[in-house]
Amino acid sequence: MTQAYTYPLLIGQLLRSALQTSAQQRITYADQIDLTYADLEKRVKRLGSVLSGLGLGKDAVVAVMDWDSNRYLECFFSVPMVGATLHTVNVRLSPEQILYTINHAEDDAILVHEDFVPVLLPLLPRITRKVHLILLTDRADAVVPTGFSGEYEALLAAADPDFAFSEFDENTRATLFYTTGTTGDPKGVCYSHRQLVLHTMGQLVALGPIPGNGGVHRNDVYMPITPLFHVHGWGFPYAATLLGLHQVYPGRYEPTRLLALIEKHGVTFSHCVPTILAMLLQAPESASVDLSRWKVIIGGAALPEGLARAAMARGIDVHAAYGMSETCPFLTLADMVASQATADTALIRTATGKPIPMVQLRIVDPEMRDVAKDGISSGEVVARAPWLTQGYLKNTSGTKDLWGGGWLHTGDVGVMTPDGTLRITDRLKDVIKSGGEWISSLALENIVSTVNGVLEVAAVGVPDPRWGERPVLVLALGAVDVKDAKAEVSAAVDAAIGGGALSKWAAPNRIYIVKALPKTSVGKIDKKLIRSMIEDGSLSE
Ligand code: AMP
């Protein structure tokens, strides 16, 4: 009989591997805590002991409501390693939506930062299951509310530092979170240990072999600027841990603090949505911070050319990536190899890019037939990869739609060039249909983003009796004359139409000016809200 060992792809293996090479490397939390990876391992074991002491193991669901901290990273490992599911609660949702996700996920425990206790306490009577509560705090003198099992650090201090995690099936559910920005109730998305391990590998295989300064290397200093509740911080905390990088967790996102941490710790690698990068570049403190060693992956929304150029002017090595909650999230990455050339690389950096290893992408028509890879023919992007969610939790019809024809339907519209480069042109529901033609809102926004003084731009369709829909623009401007800026925007759009980059229907009917565009719970421009603001007349030209 065989004695061979069948190696399970478990999240614990990521940490174990890191300890072999980087036991003394650092993990910093907002300048309050500095740990080594060896400390991290001990704390992960202690947390495992606390969780099992509370009866939280296989089949349990453990929720976290915290800012980005070393504690959150510890939960990324401990919770799945005891066989439980980590529910990363989107703390930016409304209290009613948070309650919905807690009940829908069937949470058995909630680890909650004291900043969110005022949100959670009034919800407790409506939480349908009995939940254990653990307080997370950055203060030594915080009072533990009644009914809580204790405070995180005190519980860890009293726990077993040699707690032993057991092995189990790699297909065990590891994480669960809820998608945002959709209509109706949030949808639960789950990933298994195997999927997260393979996603980590895929991400690093995509980022590792880039020549020169690109990609991720051992000497990089990593700081997430995507909240850890947003698709596990896009998986990067697992990848950074596996590589044994110095990691900096920033706590609550405030531009001053983020910039100070980048400077103090020499952060070289981060990821965020475009609006956060724009906010950092516009912060008054930013001008005095050297950002020339900083590599940033931009995802969650298209990287506008104007923003890419502003970042490049500061020496930032910026690249777009593409994915979604349902895809763990990585699907594609801008061609970082090509962008290391010295020519003007803004267009390479902003393209949605090429599939990362193990990802298969197709662009299909409604009958699932492939459209031509000619950079012009558009269709829906569908995907296969080892790490795509297998369905929405307790939602059979949503799952059926998501996986129609055996491919995951992204709901995004894109084109592919003959060399396999993808460009997302819209979300299906954001497409502007005017006079029978599709206008790409992203292409229109991209052109406008390069106009001097345009800080933020959204292009949306509004109903029109003659054309079905017409595009309108909503802009946030810097210190420029509004009339001049509008004229420059119109001229840029006309030039793009003249040059064939935009369809002749793309010239906007109206241009609204706002102080700042509304954002979703994960910091993206909220087009749904913008459309309803236009409809109810609350925007002015
Ligand atoms: P979420 O599930 O909240 O992460 O949102 C995923 C959606 O964000 C995708 O389906 C796309 O519509 C959009 N998105 C993410 N990355 C990009 C990108 N690089 N370019 C264009 N859209 C993107």
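Before we start, one term: a polar contact here is a pair of N or O atoms within 3.5 Å. With that in hand, select Ala302 and the ligand: a backbone N or O atom of Ala302 sits 3.4 Å from a ligand nitrogen. Keep in mind as you look around that this is a predicted model.

Now bring in Arg427: an N or O atom of its side chain lies 2.5 Å from an oxygen of the ligand. How much of the ligand does the protein bury? On its own the ligand exposes 500 Å², and 91% of that is buried by the protein.

Next, show the whole shell. There are 15 residues around the ligand, and those that come nearest are Ala321, Ser325, Asp412, Arg427 and Lys524. Colour them by class and you get 6 nonpolar, 6 polar and 3 charged. Then switch to cartoon and pick out strand 14 (317–323) and strand 20 (422–427), each of which supplies at least two shell residues. Strand 14 gives the most, with 3.

Last stop: the second largest pocket, with about 510 Å³ of space. Select Arg92, Tyr253, Ile276, Met279 and Gly523, the closest to its centre among 31 lining residues.

How values were computed
Residues are numbered from 1 along each chain as its sequence is written. This is a predicted model: local features need pLDDT of at least 70, side-chain atom pairs count only at pLDDT 80 or more; totals for chains, interfaces and linings use all residues. Side-chain values use heavy atoms; hydrogens and water are left out. A residue is near a molecule or strand if one of its heavy atoms lies within 4 Å of it. A polar contact is a pair of N or O atoms within 3.5 Å; within protein, one must be able to donate a hydrogen and the other to accept it, and residues adjacent in sequence count only if both atoms are side-chain atoms. Accessible areas come from the Shrake-Rupley method with a 1.4 Å probe; for residues, only the protein chains shown count as cover. Helices (H or I, at least four residues) and strands (E, at least two) are DSSP runs, numbered from the N terminus. Ala, Val, Leu, Ile, Met, Phe, Trp, Tyr, Cys and Pro count as nonpolar, Asp, Glu, Lys and Arg as charged, and the others, Gly among them, as polar. On a 1 Å grid over the protein atoms alone, a cavity is a set of points where a 1.4 Å probe fits but cannot get out, and a pocket is an open set with protein on both sides within 12 Å along at least five of seven lines; lining residues have an atom within 4 Å of a point. Grid points are joined across faces, edges and corners, and a volume is the space filled by probe spheres set on the points.
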